[in-house]
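Student: I'd like to learn how to read salt bridges and helices in a model. Can we go through one together?

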Amino acid sequence: MTDLVTGPDGLPRCAWGASTPDYAVYHDTEWGRPLRGDDALYERLTLEAFQSGLSWLTILRKRPAFRLAFDEFRIEKVAGYGEADVARLLADAGIVRNRAKVEAAIANARAALELPDGLSALLWSYAPAPRAARPRSYAEVPALTPESTALAKVLKKRGFRFVGPTTAYALMQATGMVDDHLAGCHVTIDPAGDPGGA
């Protein structure tokens, strides 16, 4: 049995990326592509934290509402949120209404502002060396790594919340710090990525 699936378009994909049309677009155009930029990475960090305990598909479908609710994830703007904003967010049915996660998003924006070289530089400094080959199956894809464990530890030390080693690894996968597309998947990744982010 393979963890690759050939879609109606004839292209082989990681099986999760072929499970719904939403996932197919995300898998083909975003997941695993190098992403840089403080606000762009803050968005992904925040959404990974909100995903904790939920399906990523839920978060993906709510992402437009999250972007609207969190001022497009502009770190400086979110860092200035107060109690009225917490109340507004907890009343917004378009997002995941969880007080601890909302408060963590705000605390994380404030922590990101304090980073001397910015969030992008810190996160990417923990990216491991590229693998010699892509994983052949999901069994070869870890849930966490020494690098994600170290990243989670430094983020926590700097005041970030909801960023354990597993969340940190999911962030690394989503933003191209590691390439966990399976061998044979049609998606090709440029390790240099887009220096401007997206």
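Tutor: Start with R61 and D22, whose side chains form a salt bridge, 2.6 Å from N to O. The two residues sit 39 apart and tie together distant parts of the chain, with R61 in helix α3 (residues 56-69) and D22 in helix α1 (residues 21-29). A quick word on the ground rules: this is a predicted model, where local features need pLDDT of at least 70, side-chain atom pairs count only at pLDDT 80 or more, and totals for chains, interfaces and linings use all residues. Residues are numbered from 1 along each chain as its sequence is written, and side-chain values use heavy atoms, with hydrogens and water left out.

Student: What counts as a salt bridge, and how many does the structure hold?

Tutor: The criterion is a side-chain nitrogen of Lys or Arg within 4 Å of a carboxyl oxygen of Asp or Glu. The structure holds 11 of them. Helices, by the way, are DSSP runs of H or I with at least four residues, numbered from the N terminus.

Student: Is R61 buried or exposed?

Tutor: Buried means under 20% relative accessible area, exposed over 50%, and partly exposed in between, using a 1.4 Å probe and protein chains only. R61 comes out at 52%, so it counts as exposed. D22, at 34%, is partly exposed.

Student: Which residue does E43 pair with?

Tutor: E43 meets R67 in a salt bridge, at 2.8 Å from N to O. This pair also links distant parts of the chain: E43 is in helix α2 (residues 38-51) and R67 in α3, 24 residues apart. E43 is buried at 8%, while R67 is partly exposed at 28%.

Student: Now α3 itself. How many residues does α3 have, and how far does α3 reach?

Tutor: The expected span of a helix is 1.5 Å times one less than its number of residues. α3 has 14 residues and runs 18 Å from first C-alpha to last, close to the expected 20 Å.

Student: Where does the kink in α3 lie?

Tutor: A bend is the angle between axes fitted to the seven residues ending at a position and the seven starting there. In α3 the kink is about 55° at R63, shortly before the proline P64.

Student: Which residues of α3 are buried, and what covers them?

Tutor: The buried ones are W56, L57, I59, L60, R63, F66 and A69. Their cover includes α1, α2 and α5 (83-90), where contact means heavy atoms within 4.5 Å.
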